[in-house]
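Subject: The structure you asked to look at

Hi,

Have a look at it first, then read on.

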Amino acid sequence: MADYDVIIAGGGLAGTIAAQSISHYSNQGLKILVIDRNPSNLPGMKSVAGWICGDAVSKETVDFMSNRIKVNWSEPEIEHKVKGVMAFSPDRETSIPFDGEGYMLNRQVLPHRQNERTLAMGVDFDFEINITGLMYDENQVVGVQGIDYKTKTPYKKTAKVVIDATGMTSMLRNQISNTTKMERKIDRKDIESTGRHIMYFDQGEEDLTEFDPDYCIIHLDQDIAPGGYGWVFPKGKNKVNIGLGVEKTLLEKRNQRLGKNDNVSMLINQYLKRNNAIKNPKLSEDPQDKNNATGNFQVSVRRQNDCMVANGFVIVGDSAWMPKPLDAGGIGPALVAGTIVGKCVVDAIQSGDVTEKGLWKYNKEFINEYGYKTAGLEIFRRLIQTLTNEQISYGMKHFLGNLDVESISKGEHPDFSSVTKLGMLIRGALNKKLADGLRFTTQQNRLLTEHYYNYPESPDGFNGWSKKLHHILDESNAKLSQYQN
Ligand SMILES: Cc1cc2nc3c(=O)[nH]c(=O)nc-3n(C[C@H](O)[C@H](O)[C@H](O)COP(=O)(O)OP(=O)(O)OC[C@H]3O[C@@H](n4cnc5c(N)ncnc54)[C@H](O)[C@@H]3O)c2cc1C
């Protein structure tokens, strides 16, 4: 007899939502345990640096979760409301809105509230447990093991299903031994090194391309944030979450190109300094930001893991590489996946099949709701990373029609219908190359989206599906490597 029906490894955002979802869909009928290495007074902290995040989430994904599992977020975990995200071209002449209405969260306050709600839904917690591995019975995952920091003794707990929500650096996913379908390791080039400050400031020049209390601002610029972007997200009229993300190999190239030796922290400080709307910035000393005003962390920017289930085991959130390839937004997909995984795990337990086959529909339901678009966006991101500032500015000005902006605002790959029109006048060889690249990623995105909608109904079809996926991805990457300037 297992200690619990479900153990959730990692009590961050994805973990607590999964726990709430299981409690909701089972009418509090299952025994659920959330285990985290943090002490109970610092819940959901990602690393010693804090709850490092841009803190932005779309209202749409919060509503997705709230409508289904009946958990509502309000103040103080919602710190500020915004009308959307605005992405600016390097020359600042073009901006595109996306994501619609959204919230700026307080990531340090949110986990406290999440834990209160989760406890009230009948879920148990164990804190200060460092989980180091899974327990198996033959080919079935049956629990977790680790070290209890409080007593310095080994820790073991069993369950019918283990949900891994331990984030980006998951030790459970990268050691999984009862499946060949789930990928264990991520390519370095699919990781962004990021960092940010939470600050108060005096108002400088009024410049809505630099700070806008109503919009989260994104700056695309290969000199400021090579292979990523800079962000200025408002947390009030004079409070900001400001940071940037880079791809490390592209940062090295940029440093060589400009004869510099900057690292992420130096880039953030330069980015802050050049912002003319932000004067006299100071790290927040608010009690709710006390352990979280500055820090660096990593985030993945690829499609979700090709298979997210194994016998007795599923992955969710950053552990499954869910942040969106284009903007590294991981809260939205964690809300969607946490909600869906809870329902699928309850169904699997109630139907008496917690094998890979019984848990399989989590793969399918997440893809149908959200994951269908991520492989296409991964290819698109790779193309953008090859571009110069001039190409990005030209492309945003000349190649984005209204329908494309609409697709981007839904988080989908645009169709670039104007680029595909024959006879369009394009100035410059580099821009012709860009147009060619956009036509190519549009075509590959169509193939990939269709392929994801054909994700197999059961594990039997996976190997054939995966072979075809990798064929499309390899072909895409081979072609994109020709675009590298
Ligand atoms: C700089 C930065 C900016 C970002 N900006 C945004 C943004 O603006 N909007 C957005 O949507 N997303 C953003 N993201 C991504 C977002 O922060 C993540 O997608 C989100 O936090 C993922 O939640 P999670 O619960 O999956 O993982 P995490 O938040 O990493 O939580 C993991 C939990 O597991 C616990 N844990 C880990 N290992 C163990 C272990 N071995 N034993 C026990 N417990 C363990 C941790 O203590 C933690 O509580 C950003 C990320 C970064 C780094």
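This is a predicted model: local features need pLDDT of at least 70, side-chain atom pairs count only at pLDDT 80 or more; totals for chains, interfaces and linings use all residues.

Residues are numbered from 1 along each chain as its sequence is written, and side-chain values use heavy atoms, with hydrogens and water left out.

**Nonpolar cores**

A nonpolar core is a set of buried Ala, Val, Leu, Ile, Met, Phe, Trp, Tyr and Cys residues joined through side-chain atoms within 4.5 Å. "Buried" means under 20% relative accessible area, "exposed" over 50%, and "partly exposed" in between (1.4 Å probe, protein chains only). In soluble globular proteins, nonpolar side chains tend to be buried together.

The largest core here has 100 residues, and those touching the most other members are Ile-8, Ile-22, Ile-163, Phe-313, Val-345, Tyr-362 and Phe-399. Helix α6 (residues 331–350) supplies the largest share of this core, 10 residues. Another core, of 21 residues, lies apart from it and has Phe-88, Phe-201, Ile-268 and Ala-277 among its members. As for the element names, helices (H or I, at least four residues) and strands (E, at least two) are DSSP runs, numbered from the N terminus.

Why is α9 largely enclosed by the rest of the structure? Because 11 of its 12 residues are buried. Glu-378, Arg-381 and Arg-382 are among the buried ones, along with Leu-377 and Phe-380. The buried residues of α9 pack against β12 (191–203), α4 (248–258), α13 (429–453) and α14 (462–481).

Helix α10 (residues 389–398) is mostly covered too, with seven of its 10 residues buried. These include Asn-389, Ile-392, Tyr-394 and Met-396. They pack against β5 (84–88), β6 (95–98), α9 and α13.

How many cavities of 30 Å³ or more does a search of the whole structure find? It finds two. A cavity is a set of points on a 1 Å grid over the protein atoms alone where a 1.4 Å probe fits but cannot get out, and lining residues have an atom within 4 Å of a point. Points are joined across faces, edges and corners, and the volume is the space filled by probe spheres set on them.

The largest cavity holds about 50 Å³. Helices α1 (13–25) and α3 (109–120) are the elements that give two or more residues to its lining, and α3 gives the most, with three. By class, the lining has four nonpolar, five polar and one charged residues. (Ala, Val, Leu, Ile, Met, Phe, Trp, Tyr, Cys and Pro count as nonpolar, Asp, Glu, Lys and Arg as charged, and the others, Gly among them, as polar.)

One of the lining residues is Gln-114. Gln-114 lies in α3 and is buried, at 1% relative accessible area. Leaving aside neighbours within four places in sequence, Gln-114 is in contact (heavy atoms within 4.5 Å) with Thr-16, Ile-17, Gln-20, Val-71 and Trp-73.

**Some backbone details**

Most residues other than glycine have a negative phi, and most peptide bonds are trans. Asn-27, in the loop between α1 and β2 (32–35), has a positive phi, near 50°, and is exposed at 70% relative accessible area. Asn-280 also has a phi near 50°; Asn-280 lies in strand β16 (residues 278–283) and is partly exposed, at 47%. The peptide bond from Glu-75 to Pro-76 is cis, with omega near 0°. You'll find Pro-76 in the loop between α2 (59–69) and β4 (78–82).

**Buried or exposed?**

Pro-234, in strand β14 (residues 229–234), is buried at 0% relative accessibility, and its C-alpha is 5.3 Å from that of Pro-213, 21 residues away along the chain. Lys-81, in strand β4, is exposed at 58%.

How values were computed
On a 1 Å grid over the protein atoms alone, a cavity is a set of points where a 1.4 Å probe fits but cannot get out, and a pocket is an open set with protein on both sides within 12 Å along at least five of seven lines; lining residues have an atom within 4 Å of a point.
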